[in-house]
Amino acid sequence: MTTAPRPAAELSADEARRLALRAQGFLGAPDRRAGVRGVLRSLGQVQLDTISVLARSHELIPYARLGAVGRPTVENAYWTEAHAFEYWSHAACILPVEEWPHFAFRRRAYRDRPHWSHELSAGAYDKVIDQLRAEGPLTATELGGAKNKGEWWDWSDSKIAVERALMYGEVVVTERRGWKRVYDLAERAIPQALLHDELDDAECVRRLVRQAGEALGVGTRADIADYHRIKAEQFDAVVESSGLVPVTVAGWGKPAWADPAALATEPRGRHRTTLLSPFDSLIWERPRTERIFGFTHRLEAYVPKQKRIHGYFAMPVLAGGRLVGRVDPAREGRTLVAKQVSLDGPKAVPAVAKALREAAEWVGCDAVAVERMDHPELLPELLKALA
């Protein structure tokens, strides 16, 4: 474990919470001029996921911070003008193109990997590269088909080859089309000034640790390392030279580090009221969410239906800088249905109503219905607030 130097500051739990909210874009006026691209640059990554209820998670992230920005605007901001690329960070993520050099350490690790879960047929790799060079950006289907005739993991030779080329950095995912990855050659898709692997592993990790610390505001070793899925020993090797400063946070019981710029000014301003994707970087790590907000949240999409407590895609409700409840949403025609609403008490009713109304308008619904509540006695009050 890292032995932290003498802390530069001692923070209360409330100060740490506010630092985190501001760093993640939920406290203070949003930078609407920078828009979706500004959100992506500030966060350093936006996680992708297949689940789509209100919208896909990568759309929910800027919505939660900016409000009802048009969904086509979100997609265009990510995928036009060589602004971003998809790669493995916290998970499969959209990343600002400026971070391409920082993942050289991961590309090298993949190239040196002694084995893969899929065997690569002779000639398949070169065939895929030649096809992309000749025809331009293509999906796996267009490259010859993504699967053989077996189960879902039974990839075709072209899919195995193009995914391997993606890991190596010879190929880039430049967009999602109908949720299918669109692959192109890195030499075409990445600006020449960024198309290099010159940074050594330590410098790559150092920059990602600094970026993660800035995006989180303040975090423990596990918080910051988890942001880009960096190994703990890699974090330990670079944190002292990363520019982050050691701090103590009341009640955390673990060493922490903070962005020095975040410590320089007191976090203040307007709080955002919104529904949060479970894959939002504010809350995606359960121990951190419990530590900062005293709120235990688990994605139940993969839990058997009869064992779910809060619902398939329960979205935490953020209001006043606190997590005040959960909503499991669905869409039926032009109605947003709250299949289940879980509240932290009557004071949460106005915030949940506001979050539901705004979400409904964003996705083109003109009505909100509530199916179930954990406190049914509050249902009349919620319906009145929604009306």
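Predicted model: local features only at pLDDT ≥ 70, side-chain atom pairs only at ≥ 80, totals over all residues.

Colleague: Are the planes of Y87 and F103 stacked, tilted or edge-to-face?
Modeller: Planes over 60 degrees apart count as edge-to-face. The ring centres of Y87 and F103 are 6.1 Å apart and their planes stand at 75°, so the pair is edge-to-face.

Colleague: How many residues apart are Y87 and F103?
Modeller: Y87 belongs to strand 3, while F103 is in the loop between strand 4 and helix 5. Y87 is buried at 3% relative accessible area, and F103 is buried at 0%. The pair links distant parts of the chain, with a separation of 16 residues.

Colleague: What about Y227 and W284: how are their rings arranged?
Modeller: Planes under 30 degrees apart would be stacked and over 60 edge-to-face, with the rest tilted. Here the centres are 5.3 Å apart and the planes at 55°, so the Y227 and W284 pair is tilted.

Colleague: Is W284 buried or exposed?
Modeller: W284 sits in the loop between strand 11 and helix 13, and Y227 in helix 10, so their pair ties together parts 57 residues apart in sequence. Buried means under 20% relative accessible area. W284 has 16% relative accessibility, so W284 counts as buried.

Methods: Residues numbered from 1 in each chain as written. Heavy atoms only, no water. Phe/Tyr/Trp six-rings, centres within 6.5 Å; stacked < 30°, edge-to-face > 60°. Helix = DSSP H or I, 4+ residues; strand = E, 2+ residues; numbered from the N terminus. Buried < 20%, exposed > 50% of the residue type's maximum accessible area, 1.4 Å probe, protein only.
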